[in-house]
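Trainee: I have a model open and would like to learn how to read it. Where do I start?

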Amino acid sequence: MTIRSLYVGLSGLNASSRDIDVIGNNIANINTVGYQASTTSFDDIFYQTLSAGVRGSNPIQIGNGVQLGSVNKIFTPGSTESTERLLDLAINGDGFFILEDGAGTQYLTRAGDFALNDEGYIVDSDSGFKLIGQTASADGRLSTAQTPGALQIDYTQQSAAQATTQVSASGNFDVSVGEKTSVAHAESTSSLLGLFDANGTPLGLANGDVIQFESGFLQLNDAPSGVDNPIDLSAINGNNKGEGVILTVTSTTTVADMQNALTSFFSNTFSEATPGVDSGLTVSFNSEGSFVFSNTSENALQGVRIGLDARQGQSSPPAESNQLVGNLFVNEGDPDFSKTLNVGAGEVVATHTARQADRTTSIEVYDSLGTSHTISVGMTADTTTPAAEAEAKISSLKDGEGRFLIPEGVVPAKVELSEVKNDPAANTATFTATQISNIVATQGVYSYTDANGNLIALRLTDGAVSINGGAFNNPADETIRSVFTDNGLDVTGSEFLNASSAANLGGLLGDAGINENTTLETIRESLESRINSALRQVSNSLAEMDTTALPVEFDAPDIAAALTTPTTQPQIKVSISKDGSFVFEAIGGSLGASALPEDDERTQNLIQAAGGKDNMGLMLDLAAKTRSIQVSTLDSSTDPATDDNAVDTDRGDAAQSITGFLSTATADEIFGSDLSAAFSIGDTDTGPLVEGDPTADPPTGVLDSGVQLVALSSGVYYQPSAADADYFSGYQAFDPEVSAFQALFNQQGYGAAADIDGDGVADRSDDAPVGVVVQNGMSFETNTIHDNGKTRNTVNYQVVVPNDSREVPVGTTGTIIFDSKGQFQRYGAEGQPVINFDADNGDPQNGGAEALTFDLDLSKLTYYDSSHTAQMQNQDGRPVGRLENVAIADNGEIKGLYSNGDSKSMGKILLGSVTNEGGLTQYGNTMYTFREGDNTGEFRYLEAGVDGGSINSNTLELSNVDLASEFVNLITAQRAYQASARVITTTDDMLTELMSIKR
C-alpha cells in the first residue's frame, strides 16, 4: 500500500519544520548576550517487519518515517566584547552566574549585563534578579563558611582611619654635602627644633622643652648696696618665667626667638639689680651659625651654662640634649676647658656653631582618628672625627674640639724652653726645660659608694696641685692631714697609684712613661690596675688604723669598734666605650663596717679632712719633667757682660754671637747627666769671647764654648722650691696647654672646674661633678676621646614631630652608618628608629587619639657623591575615606576603592555549575532553571579562578551562534522539507492513479 509513504512524508515535513524552528531561533538570537545556540537531532520511527531474517536471507523491514529526537544546547563560550561598564561581566571558562528572584528561586545564566538597583544590589538588567556571591564583613574579610547571598555595593560605606605604623625613606644622601667647609649653618629663621651642633649631632629638642640657665653669674663692676655680687643667673625669675628660665620651645620657636629671649633676660636682670641701668649685653646671630654676645658694659658674664629643665614626668633634664645645648653656648674653641660661656667687660664673644640639616624631608602620618600630622626628618653628615679605639696611639688622640691631648701630638713630647733670663751683673742666663712624660692622679679625693650604700672618701693625692690655675684644698689641720699619711690612706706617689721609681718619680704609667707605643688601652689598663691596688691599700689600712692615735675630730671612741677587715674588696672596672669615653663602674665589694653612712658625723669629719666633698673626684693630668739650667757666659772679670755675651739659643742677636745654644737637643740629652751634650760648642775663632778681642783666650773656669752649664734641678717631676720658683713660672705640668687631657676626666659634656664667682671654690652644677665619681650600681662616663682620622660615612638624623608639650617624643634622633660602597650598613647604637609621640594628649576613652608609634625605615638610603634625592617615600596610615570606585577582580572579588587610598573587599561573585548542563530548563532571558529531581544532577557553587572560570569586568560574552553554519543548516532543512513534500505529492499521484483504475 502507498498510504504509509504519505505518513512518512508528513513526518519528514514535521521534522524539517522543527529543525527550521530551532535554526530560526538561533539566527534570531545572534545578538543576544550570553545566548547558547541549540541543535536538533532526529530519530526514525518504528519499523514494520515483513520478513524475519533466516539463514541465507536478511530481514525485510519498512520504516514509518522520522520524529524529533531532541533539541540540545551548545555550551561552548561565545566570543567576548569589551565595554566601558564595570558591571558588564563575562566568564572565561566554565560556570554560570547565579541569580535569585524575590521568592528565593535561583537561576543560572551566562549573560553578564548587570546593573545596580535602587538599594545598591547587583541585578540582572532585564529581570531584576539579584546576583549571588559571598558578602564581605565590615573590615573587608571574606569567609567561605558564610552562606552565599545577594551582593550589594553600598556607596555610603567609609574606610576606617588607620594609624601609621611604618614610614620609609629612599633616595641618595649626597656625600659631598656637609663637609666641614660647606656645612649648612643655622640661620636666624631656623627652627630650634631640628638644629644640629657643629659636628652634625642633633640637639634633640622637643616641643615643650624649657631652656634655662643651669649656672652662671653676672659680676657687677660696681654693685649697689644690698645687691648680691655676683648675681646667680639660675636664681633669677626672668620675665616671670621661673628661676633661670629663658624660654619654652614650641613648634614655631626660631633661633631669633632664642636670641631675643637672651637679650631680654639680661636686660631684666640688670634692671632688677640696678634700676635704670642698661645691661650692656646684647645677643645676635652671625652667618657662621654662632650666637654672638656683645658686652658694652664694665660688668662680666661668667661661668654660664645653658641647659634644659626636667621634662614632664621626669626628675632630671634629658642628659644628651642638655649636654648638647650646654656645649653650644660655650666660648668658641672653649679656651679654658670649662664648657662654659664667659663674656668679660667690653668683650664680644661668639659661641660654638649650630647647623641646619643638610637634607630635610617631610611626610604626613595619621593617628588612630585619621588626623594627619606632618613629621620632618632632618639628615646631616656627621663631621665628628672617629671615636678613639683601644689600640689608638696617644699621639693621635684629640678632644672634642680637635685639640691634641699630647701637645702637638708629638711623642716623645718635644722639650720646651722658657724665655731666657739674663743676669749681666753675674754674667749668667737661666732658662727652664720642660718635657711631658707621664700621667698622674691629681685631684685630692676619690669618692666611692660601696654595695652597702656607705660613702668612702679616699684621699689619693697630697693635694698640692693646681687645676687651671686654682689650687685644691688641703686639709687645714696638719694633725688631721697626717692621719691619712700615717695610716696608709694617701697612696699618691706610692707603688699603688702614681708609681715611684728612680726613672719616673710618681707616674701612672710607671718607668715606661709616655712613648710612641703608648695606647689608649695602655692608659686604661694602668688606670684599672692601679686604682684597684689603691683601693685595696686603703681598705686594708682602715682596718689596721690605730684608733687611739686618731684626733678628736674623728670621734675615736665610737669609730674604733667599727673598723673591721672588709669581707669583699671594692673594685672599679674601667672600660672604653664605642664613643671613645672612659667608663668607670663599681662592680661590687664593700668596706663593711669600716665605712660609715654619708650623713654620719664621723664620715663628715673624714670628708672634711680629705679636702671637702666639693673636691671629690679622680682627676688625671699629664706630668712633666723639668730642668732649670744656668749658663755662665763669661768670667766675671768682664763687667758687666754685654748683650752679645748673653746666652744665645737661636743665634738671632745682631752680632750673631755664639756663646752656646741648644741645637736639636733630645729629651735624653737635656735630662741626661751630661748636660753639655745638648749644646753646640761655640767657634772660638769667630765668636768673641771677650768683647773687642776675638783672639783672646777663654777666661779661667770657662769651657772652650764660652759657656758653663749648671743644672739647678735634675730631671724629675716639678716640685716648687725657693731656688728655682721664678724660673718655672708657666711651665708646670698643669698648664692650660696640656689641659685637654685633664678636661677628659669629667662627666661627659662638662669641662674642667673653674672658680666662676670668685669665692675660691670651683663652681659647677650638682649634675656635673669634677673628676670621676663612681657610685655602686652606676657607671660614670667621661668626655669623649677622638682619633686623628677621617670622618666615617655617617649621617645623623632628627625627626621633628608635633608632640603635645606635656608628652616627650621617643626615638627621634639617631645615626645611619654606610659602608665604603655607599650602601646602608647599620643603624647606630639606638638601632632602627621607633618613633613615639602623642599629638593631642587625649584620653582614648574620651575621644582622644592614641599616641602614634611607627617604625622609621631608613635602610633604603644610599650615600654617593651625587645629588640629594633622599626623601620620605611611603607610610601606611590613612584618614577616614569614602567609597569612590569599585573594581572587580578576575576571581570575582569586588574591591571597594576609597578616597584615602584604601581598598577592601566588599564581596565575591560566586559561579554555579550542575552535573549535566543539558538538563537545564530554559526560563527565558538567557536564564536556566534547575530543580531537584531534574536531569541536571547536583548543583555546586564554584569559586572563580579556582574551580570555575575567571571573570572579566568591562566585558560581555556574546551569543555563540555560528551564523555561517546556521545558513548551511537552514538550506539543508529547506531541502529536506521540499523532498518530504515531494514524497507526499508523489504518493498523492499514485493514489489518484489507483482511483482511476477503479473507475
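**Cores, confidence and a sheet**

Mentor: This is a predicted model. Start with the largest nonpolar core, which has 41 residues; Phe 584 and Phe 745 touch the most other members.

Trainee: Which elements each supply at least two residues of this core?

Mentor: They are β29 (428–441), α5 (520–544), β36 (572–576), β37 (581–586), β38 (620–632) and α9 (739–744). The most comes from α5, with 5 residues.

Trainee: What is Phe 745 in contact with, leaving aside its neighbours within four places in sequence?

Mentor: Its contacts include Leu 527, Phe 582, Phe 584 and Leu 618. Val 772 and Thr 782 are also among them. A second, separate core has 40 residues, including Ile 211 and Val 325.

Trainee: How should I read the confidence values?

Mentor: Where pLDDT is low, the predicted coordinates should not be read in detail. Here the chain has a mean pLDDT of 79, with 73% of its residues at 70 or more. Among the elements, the lowest mean, 20, belongs to strand β32 (residues 466–467), and the highest, 97, to strand β20 (residues 290–295). Residues 634–661 have pLDDT below 50, although this stretch has 57 contacts in the model beyond near neighbours in sequence.

Trainee: And how do I read a sheet?

Mentor: Strands of a sheet pair through backbone hydrogen bonds, either parallel or antiparallel.

Definitions and conventions
Residues are numbered from 1 along each chain as its sequence is written. This is a predicted model: local features need pLDDT of at least 70, side-chain atom pairs count only at pLDDT 80 or more; totals for chains, interfaces and linings use all residues. Side-chain values use heavy atoms; hydrogens and water are left out. pLDDT is the predictor's confidence in each residue, from 0 to 100. Helices (H or I, at least four residues) and strands (E, at least two) are DSSP runs, numbered from the N terminus. Contact means heavy atoms within 4.5 Å. A nonpolar core is a set of buried Ala, Val, Leu, Ile, Met, Phe, Trp, Tyr and Cys residues joined through side-chain atoms within 4.5 Å. Buried means under 20% relative accessible area, exposed over 50%, partly exposed in between (1.4 Å probe, protein chains only).
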